[in-house]
Amino acid sequence: MEIKAKVIAHSKSSVNGKEIITFELEFPRIVLAEFNTHNMLSKNSSSSRAIPVQTMISSVRSDPAMPVRFGKKNKGMQDAGEHNELIKGMYTPQEWWRLAALSAANFADEYDKAGYAKQVCNRLVESFQMMKVVMTATELNNFIWLRDHPAADPTIEALAKAIKKAKENSSPVTLKPGMWHVPYFNEGYWRSENQDGRLEDALAISESCCAQASYRTLDDTIEKAKRVSANLNLKGEQPDDPVHASPLEHQATPMKESENEWGVSIINEPAFPKSWEKGITHVDRNGKFWSGNLQGWIQHRKLIPNNYRSG
């Protein structure tokens with residue numbers, strides 16, 4: 001088990017210098033709930049409903065995910081430091097955790113043999129599963145501020161440190177409006193039709209690869225991208241089915257303008273200029289433009305119709 005953070009694409013806006021960065025992360029699922037509280041981070045993650053049962057069981061049996069520290073019990077949320085007391089007088093905490101993982105894997109295996117679905121079998125071993133997550137953000141400071149901290153769970157603290165280190169060791173590519181941040185496509189960016197082929201293909205491949213995080217494989221062909229697009233209903237070809245648009249939150253192009261002179265609003269008629277660039281969703285109190293949870297960048301999801309159901 002190893003917590004990992006790898007930069008997949010790292011770009012900087014030529015307009016205002018705002019950076020956007022995409023990581024591929026691996027970490028124990030036990031801290032996924034804490035990780036998912038950070039709404040400024042766009043995420044696609046491996047799914048217990050997608051990964052084959054025997055693949056999951058094999059992983060849990062051979063190398064189960066576990067806490068980075070087995071802490072001593074204490075009042076409050078923080079532990080009282082490393083604890084090495086033997087369990088039943090003979091098992092280290094790591095050994096006892098592995099026995100628990102083996103037990104859960106055995107129970108999941110019997111469910112699988114009896115013909116139960118992945119969404120049943122794999123739930124039993126989630127506590128011992130390593131997650132693979134694709135994460136994109138323009139706003140990372142708050143996550144690192146909160147989680148790279150002694151008061152945080154030691155496992156998510158280790159993840160925050162890995163993310164911080166990976167970012168510090170990465171250099172962004174400067175992109176102009178009309179150029180695109182596209183994780184998993186070539187070097188992580190698209191410049192023009194002449195240099196990198198059709199933008200439609202670059203976006204499709206990036207979307208597909210980000211979506212494939214749900215089942216831990218990676219196929220970056222345009223043929224696979226077309227199949228994934230159909231499965232996610234990204235083109236709205238199945239009007240009665242929902243559009244699964246979260247994989248489109250990782251692609252973005254720099255806004256042509258990053259700030260707005262926020263004028264006076266009229267009661268019941270707030271100032272919402274129709275001249276705003278397509279894809280801008282709101283402006284904050286500091287006059288900064290946003291597209292979804294990205295500041296200074298137009299998020300691809302915000303450019304497609306029916307990307308969410310209102311109300």
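Predicted model: local features only at pLDDT ≥ 70, side-chain atom pairs only at ≥ 80, totals over all residues.
Helix α2 spans residues 53-62 and helix α3 spans residues 93-113, and their axes come within 9 Å of each other while crossing at roughly 165 degrees. Since angles over 145 degrees count as roughly antiparallel, α2 and α3 are therefore roughly antiparallel to each other. On the side of α2, the contact is made by Val53, Gln54, Ile57, Val60 and Arg61, and these residues meet Ala101, Leu102, Ala105, Asn106, Ala108, Asp109 and Asp112 in α3. The residues of this contact divide into 7 nonpolar, 2 polar and 3 charged.

Strand β10, which covers residues 289-291, pairs with β11 in the antiparallel sense over 2 bridges, and Trp290 stands opposite Gln295 in β11. In general terms, the strands of a sheet pair through backbone hydrogen bonds, in either a parallel or an antiparallel manner.

Met255 lies in the loop between β8 (252-254) and β9 (282-283). With a relative accessible area of 0%, Met255 falls under the 20% limit and is therefore buried. When its neighbours within four places in sequence are left aside, Met255 is in contact with Val15, Pro177, Glu277, Ile280, Phe289, Trp290, Ser291, Leu294, Gly296, Trp297 and Ile298. For Gly296, the C-alpha atom is separated from that of Met255 by 5.5 Å, although the two residues are 41 residues apart along the chain.

A further loop, that between β6 (180-181) and β7 (189-190), holds Tyr184, and Asn186 is found in the loop between β6 and β7 as well. Most residues other than glycine have a negative phi. Phi of Tyr184, however, is near 80 degrees, a positive value in a residue other than glycine, and phi of Asn186, likewise positive in a residue other than glycine, is near 45 degrees. As regards accessibility, Tyr184 is buried, with a relative accessible area of 14%, whereas Asn186 is exposed, with a relative accessible area of 53%.

How values were computed:
Residues numbered from 1 in each chain as written. Heavy atoms only, no water. Axes fitted to C-alpha atoms, helices over the stretch in contact; angles between N-to-C directions. Helix = DSSP H or I, 4+ residues; strand = E, 2+ residues; numbered from the N terminus. Parallel < 35°, antiparallel > 145°, perpendicular 65-115°, else oblique. Contact = heavy atoms within 4.5 Å. Nonpolar A, V, L, I, M, F, W, Y, C, P; charged D, E, K, R; others polar. Buried < 20%, exposed > 50% of the residue type's maximum accessible area, 1.4 Å probe, protein only. Pairing = 2+ DSSP bridges.
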